[in-house]
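Subject: Structure for your review

Hello,

Please find the structure below, followed by notes on what turned up in it.

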Amino acid sequence: MGAGQVDALVIFGATGDLAKIETFPALVGLVERGVLDVPVLGIAKSGWGLAQFKDYAAAALKLNGMDPGTPAAARMLDLLRYVDGDLGEHATYQAIAAELGDAKRILHYLQVPPFLFGRIAEGISGAGLAAQSRVMAEKPFGSGLASAKALNETIHKYFPEESIYRVDHWLGFDPVESLMFARFANSIIEPLLNRNYVQSIQITMAEAFDVADRGSFYDRTGAVKDVVQNHMLQVLATVLADPPDGSGLDSWIASKSKLISALRPLAPADVIKGQYEGYLQVPGVSPGSRTETYAAVRLSADTWRWAGVPIVIRAGKCLPVTATEVFLDFKPAPHDVFGLGDVITSNALRFRIYPESHAVLTLVGKKPGAGWEPEVQDLTFIQHPGADMRAYDRLIGAALNGERWLFAQQDTVEAAWRVVDSIVGEVGPLLPYARGSWGPDSSSLLPAAEAWHDPA
């Protein structure tokens, strides 16, 4: 199915947490921007009717500090339709078809666990609602390489690859787009991003909070599956992939896929895992659980451009701050003209991509006065306090318009699982760490002369 607007949006799992926290507020933004003006059909098994569903949506807006009485919110609530039914029954899909009437170009948004994807795709197809439609699927897309492949095979029975939009909500973050923009709109940055100039690359995703009430979900997942395999590898690809070609942003998906496919699969020696003290007392966590709440990995990209450049990623909960940063350390000047020895600091490029946009180039200048005393200065060239738009506003809008470059392709998802597959689960030692610390010591993954760059 080509690009262009759809006749209807169908949301499976429309009474769940994701809808409450993200979807309904995003739909108001889409109405406001003029992107959404088609029926929005919610599907769930709650024993509700349309009135209760609209009340739920209005309550979700209030929960997000939004007024359900604004023109855009009122219009969004007016677009809502509802079908109550079991996703395993043919009758539910017949009811969906009846409610949609003549609509044939549909965006089916699956906000349900992956084990239901196949049944829903089959149901949609059986009701004649697949041929001209798109399907938008939430992560996790599989729980390992084998299950991701099986899931792809199942969905491909009913939908071609170009009609599948796999969500990684980090790709909808404004600062991630800012990072791309900084790379490709400036002629002076991109030529430096290669093995000739870059000494090492670090990505830190720090969260100052714990797993809270998500114990039973998190205990089946862990840091590697929750954020490294998807969000962090996508961010890494955004930094390292070759620029899009003349065919436009659609070539960007293929470029990122190529980069992730060139990452060497991780071995147990390439990972350090940790678990914050007190995790085992969280409701829903199994006694003696070996699930990691922190993971640090060392990667290598087997490409002409990045061969030999050490890449490290760490992600964890209960760390000192909530911040995600990409830190590129450049090689020092080839000759020490001023006899500074170890005093001199090399240049660095730093992208803060959560919770705000920040791009900083670290340069070395001379302190005023006699002698050659260096001082480090930060040149900030992007600084925005937060996102202009909800990630799901951008993502749902892109799927409604048939823009695929913000989503993950099948080969990218499978390549990412191939990278982490051998370290998923109870692989390697699990080290305890104190809440509010930077996690267990993972300096052994770093190049000899380096330390972790801690986001402030």
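Helices α7 and α10 (250-261) each give at least two residues to the lining of the second largest cavity. Helices here are DSSP runs of H or I of at least four residues, strands are runs of E of at least two, and both are numbered from the N terminus. A cavity is a set of points, on a 1 Å grid over the protein atoms alone, where a 1.4 Å probe fits but cannot get out; its lining residues have an atom within 4 Å of a point. This is a predicted model, in which local features need pLDDT of at least 70 and side-chain atom pairs count only at pLDDT 80 or more, while totals for chains, interfaces and linings use all residues. Residues are numbered from 1 along each chain as its sequence is written, and side-chain values use heavy atoms, with hydrogens and water left out.

The second largest cavity

This cavity has a volume of about 60 Å³, where a volume is the space filled by probe spheres set on the grid points, which are joined across faces, edges and corners. The residues that line it are Leu171, Val176, Glu177, Met180, Thr238, Trp252, Lys256, Trp405 and Leu406. Helix α7 provides the largest share of the lining, 3 residues. By class, the lining has 6 nonpolar, 1 polar and 2 charged residues. For these classes, Ala, Val, Leu, Ile, Met, Phe, Trp, Tyr, Cys and Pro count as nonpolar, Asp, Glu, Lys and Arg as charged, and the others, Gly among them, as polar.

Helix α7 itself covers residues 174-184 and is mostly covered, with 8 of its 11 residues buried. Buried means under 20% relative accessible area, exposed means over 50%, and partly exposed is in between (1.4 Å probe, protein chains only). The buried residues of α7 are Asp174, Pro175, Val176, Ser178, Leu179, Met180, Ala182 and Arg183.

The other cavities

A search of the whole structure gives 3 cavities of 30 Å³ or more. Two or more lining residues come from each of α9 (222-240) and α12 (410-420). The lining has 9 nonpolar, 4 polar and 4 charged residues.

Domains and core

The domain assignment of the protein chain gives domain 1 (8-138) and domain 2 (171-389 + 418-445); such bounds come from an automatic or database assignment. The C-alpha centres of domain 1 and domain 2 are 35 Å apart. Separately, an unreviewed UniProt entry places the feature "domain: Glucose-6-phosphate dehydrogenase NAD-binding" at residues 10-176. UniProt positions are given in the numbering used here, feature names are shortened, and annotations may be inferred rather than shown by experiment. The span of residues 10-176 is 45% helix and 15% strand, and its end C-alpha atoms lie 28 Å apart.

The largest nonpolar core has 150 residues, and those that touch the most other members are Phe12, Phe24, Leu27, Met136, Leu233, Leu236 and Ile396. A nonpolar core is a set of buried Ala, Val, Leu, Ile, Met, Phe, Trp, Tyr and Cys residues joined through side-chain atoms within 4.5 Å. The largest share of this core, 11 residues, comes from α9. Domain 1 and domain 2 each contribute at least three residues to this core.

Backbone points to check

There is a cis peptide bond between Lys139 and Pro140, with omega about 5°. Pro140 is in the loop between β5 (134-137) and α6 (145-156). A cis peptide bond also joins Tyr354 and Pro355, with omega about 5°; Pro355 is in the loop between β12 (348-354) and β13 (357-366).

Ala212 is not a glycine but has a positive phi of about 50°. Ala212 is in the loop between β7 (198-206) and α8 (215-219) and is partly exposed, with a relative accessible area of 47%. Cys318 also has a positive phi, near 60°. Cys318 is in the loop between β10 (311-316) and β11 (323-330), and at 2% relative accessibility Cys318 is buried.

Lastly, Asp441 is in the segment after β15 (430-433) and is exposed, at 60% relative accessibility. Asp441 and Gln94 are 347 residues apart in sequence and 56 Å apart in space, C-alpha to C-alpha.

Regards

How values were computed
1 Å grid on protein atoms, 1.4 Å probe; cavity = no way out; pocket = protein on both sides within 12 Å on 5 of 7 lines; lining within 4 Å.
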